[in-house]
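The following paragraphs lead the reader through a single protein chain. Please keep the sequence and the model in view while reading.

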Amino acid sequence: MSASPGRHRPPATLSSARVSPERLSDEVARKLLERIRDETFRPGTKLPSGRALASTFGISQATLREALRTLETMGAVVIQHGRGVFVRPGGSLNGVWSTRWMAWTLQHASSLIELLEVQEAVEAKAAWLAAINGTRQDHARLDAILREAQALVQAGGRRGADGEVLASYVRLDYALHHALADAARNAFLRSLVEGLGSALRGSREATLAIPGRIRRSLREHRRIVAAVKRGNAEAARTAMQAHVRRVLEEVRSAARLSARSR
């Protein structure tokens, strides 16, 4: 039952919500989501501090951060660095699981996870080779894509991943990954990246529609390109792995949390 308007139940109501050791972050995310849905934490309100929540659940702040990141992925909360974590305004979260990106991702979660696991291996190698074999022309091409992406994000402002911003960034995401494959100078590897790109076409729009994902993607792309331009193959490989793994973990977390919330 929802709390009455203007009433905010105190964080102390969470004190009995100790969690089991298995998948701590998912369990904490699920319990917090329950309290957002029943309006223990109402839309627009700020959650208790990280220290208070970690103490309440008997977990580390690192585990709490992972749980909050899962909720941010779902669009349930907004993390404002330096200010705190706020329940996303706009009413109850009964429709969270029906959003376009969530519905698509959950429907295809199993095959998408498998594809992302392959993408991690293949494109990490492509980034590694791009750092070794990339030319100035390749670097200029990558820089141009990043500049266009940055301009797109700045122009989009508060529109987030809506409409034209999402469609345009999907195109740029595809272009950057293929530019890296070209820079690798390995025809067979390039064909693998192209095949993955085709297989992941539907998922690109879905995963980039995750709240905050476009900005995170741009930051991750910058790290990859910077390593490639320095000629640091190991750093490029590591940055690409981190990039794909972040998406992979977001999909896995959403799928697990959805299954437990049914």
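Predicted model: local features only at pLDDT ≥ 70, side-chain atom pairs only at ≥ 80, totals over all residues.

Residues are numbered from 1 along each chain as its sequence is written, and side-chain values use heavy atoms, with hydrogens and water left out.

Side chains of opposite charge can pair when their charged atoms come close. Because E120 lies in helix 5 and R245 in helix 11, the pair ties together parts that are 125 residues apart in sequence. Helices here are DSSP runs (H or I, at least four residues), numbered from the N terminus. E120 counts as buried, at 12% relative accessibility, whereas R245 counts as partly exposed, at 45%. In these terms, buried means under 20% relative accessible area, exposed means over 50%, and partly exposed lies in between, for a 1.4 Å probe and protein chains only.

A second salt bridge joins the side chains of R171 and E148, at 2.8 Å from N to O. This pair links distant parts of the chain, with R171 in helix 7 and E148 in helix 6 (residues 136–156), 23 residues apart. R171 is partly exposed, with a relative accessible area of 44%, and E148 also counts as partly exposed, at 37%.

The side chains of D173 and R204 form another salt bridge, at 2.5 Å from N to O. Here D173 belongs to helix 7 and R204 to helix 9, 31 residues apart, and the pair again links distant parts of the chain. Both D173 and R204 are buried. Elsewhere, salt bridges that share partners join E27, R30, K31, E34 and R35 into one network.

Where is empty space left within the model? Rolling a probe the size of a water molecule over the atoms shows where such space is left. A search of the whole structure finds 2 cavities of 30 Å³ or more. On a 1 Å grid over the protein atoms alone, a cavity is a set of points where a 1.4 Å probe fits but cannot get out, and a pocket is an open set with protein on both sides within 12 Å along at least five of seven lines; lining residues have an atom within 4 Å of a point. Grid points are joined across faces, edges and corners, and a volume is the space filled by probe spheres set on the points.

About 190 Å³ of space lies in the largest cavity. It is lined by 14 residues, of which Q119, D173, R204, T207 and V247 are the closest to its centre. At least two lining residues come from each of helix 5 (109–133), helix 7 (163–183), helix 9 (201–208), helix 10 (213–230) and helix 11 (233–261). Helix 9 gives the largest share, 4 residues. By class, this lining has 5 nonpolar, 6 polar and 3 charged residues; Ala, Val, Leu, Ile, Met, Phe, Trp, Tyr, Cys and Pro count as nonpolar, Asp, Glu, Lys and Arg as charged, and the others, Gly among them, as polar.

The second largest pocket has a volume of about 160 Å³. Its lining consists of R216, R219, E220, R223, A242, H243, R245 and R246, with helix 10 and helix 11 as the elements that give two or more residues. These lining residues divide into 1 nonpolar, 1 polar and 6 charged.

In the loop between helix 7 and helix 8 (187–199) lies R185, which has a positive phi of about 60° although it is not a glycine. Most residues other than glycine have a negative phi. R185 counts as partly exposed, at 46% relative accessibility.

Within helix 8, L189, V193, L196 and G197 are buried. Seen down the axis of helix 8, the buried residues fall within an arc of 105°, so they line one face of the helix; the arc is that of the directions from the helix axis to the C-beta atoms. The face turned away from this buried side carries the exposed residues A187 and F188.

Notes: Salt bridge = Lys/Arg side-chain N within 4 Å of Asp/Glu carboxyl O.
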